[in-house]
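Keep the structure in view while reading.

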Amino acid sequence: QSAIGRVSRGDAMQMQQMALDSARRRERRFVGVEQALRRLDEGTYGICVDCSEDIDVRRLDIDLTATRCIKCAENLSK
């Protein structure tokens, strides 16, 4: 029976961690949307924060919170 208890505790801890990770992702997404709305109000939405070029609308269709064009995003990840 103690083995079952350990598994249950492990499952509970894993579920708790997954819930925390999910909450963090939701918070990051919420902040990103707030920032996108602010850029929209400022007239800077869709403009790359690094090179000031337009962000391709296809990129924005995939991620409306994108702040960099694909070229600058790729350079950032190198």
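## Charged pairs and core

D50 is partly exposed, because its relative accessible area is 44%. This residue forms a salt bridge with R68, and the closest N and O atoms are 2.7 Å apart. R68 lies in the loop between α2 and α3, while D50 lies in the loop between α1 and α2, so the pair ties together parts that are 18 residues apart in sequence. R68 is partly exposed too, with a relative accessible area of 23%.

The model is predicted. Its mean pLDDT is 92, and 91% of the residues score at least 70. Among the elements, helix α2 (residues 57–62) has the highest mean pLDDT, at 96. Helix α1 (residues 2–42) has the lowest, at 89.

**Salt bridges**

How many salt bridges are there by this rule? The count comes to five.

| Pair | Closest N to O distance |
|---|---|
| R24 and D21 | 3.0 Å |
| R68 and D50 | 2.7 Å |

Side chains of opposite charge can pair when their charged atoms come close. R24 and D21 both sit in helix α1. They are three residues apart, about one turn of the helix. R24 is partly exposed, with a relative accessible area of 44%. D21 is partly exposed as well, at 29%. D56 counts as partly exposed, because its relative accessibility is 35%.

**The nonpolar core**

Which residues make up the largest nonpolar core? There are six in all: C48, I55, L60, A66, C69 and C72. C48 counts as buried, because its relative accessibility is 2%. C72 counts as buried at 12%. C69 touches C48, C51, D54, I55 and R59, leaving aside residues up to four places away in sequence.

**Cysteines without disulfides**

A disulfide is a covalent bond between the sulfur atoms of two cysteines. The structure holds zero disulfides. The cut-off is 2.5 Å between sulfur atoms. C72 is in no disulfide either; its nearest cysteine sulfur belongs to C69, 3.6 Å away.

**Two further positions**

Is T65 buried or exposed? T65 counts as buried, because its relative accessibility is 16%, and buried means under 20%. T65 is found in the loop between α2 and α3 (70–76). Not counting residues up to four places away in sequence, T65 touches R29, G32, V33, A36 and R39.

L40 lies in helix α1. L40 counts as exposed, because its relative accessibility is 52% and the cut-off for exposed is over 50%. The C-alpha atoms of L40 and L60 are separated by 13 Å. Along the chain, L40 and L60 are 20 residues apart. L60 is one of the residues in the largest nonpolar core.

Conventions
Residues are numbered from 1 along each chain as its sequence is written. This is a predicted model: local features need pLDDT of at least 70, side-chain atom pairs count only at pLDDT 80 or more; totals for chains, interfaces and linings use all residues. Side-chain values use heavy atoms; hydrogens and water are left out. pLDDT is the predictor's confidence in each residue, from 0 to 100. Helices (H or I, at least four residues) and strands (E, at least two) are DSSP runs, numbered from the N terminus. A nonpolar core is a set of buried Ala, Val, Leu, Ile, Met, Phe, Trp, Tyr and Cys residues joined through side-chain atoms within 4.5 Å. Buried means under 20% relative accessible area, exposed over 50%, partly exposed in between (1.4 Å probe, protein chains only). Contact means heavy atoms within 4.5 Å. A salt bridge is a side-chain nitrogen of Lys or Arg within 4 Å of a carboxyl oxygen of Asp or Glu.
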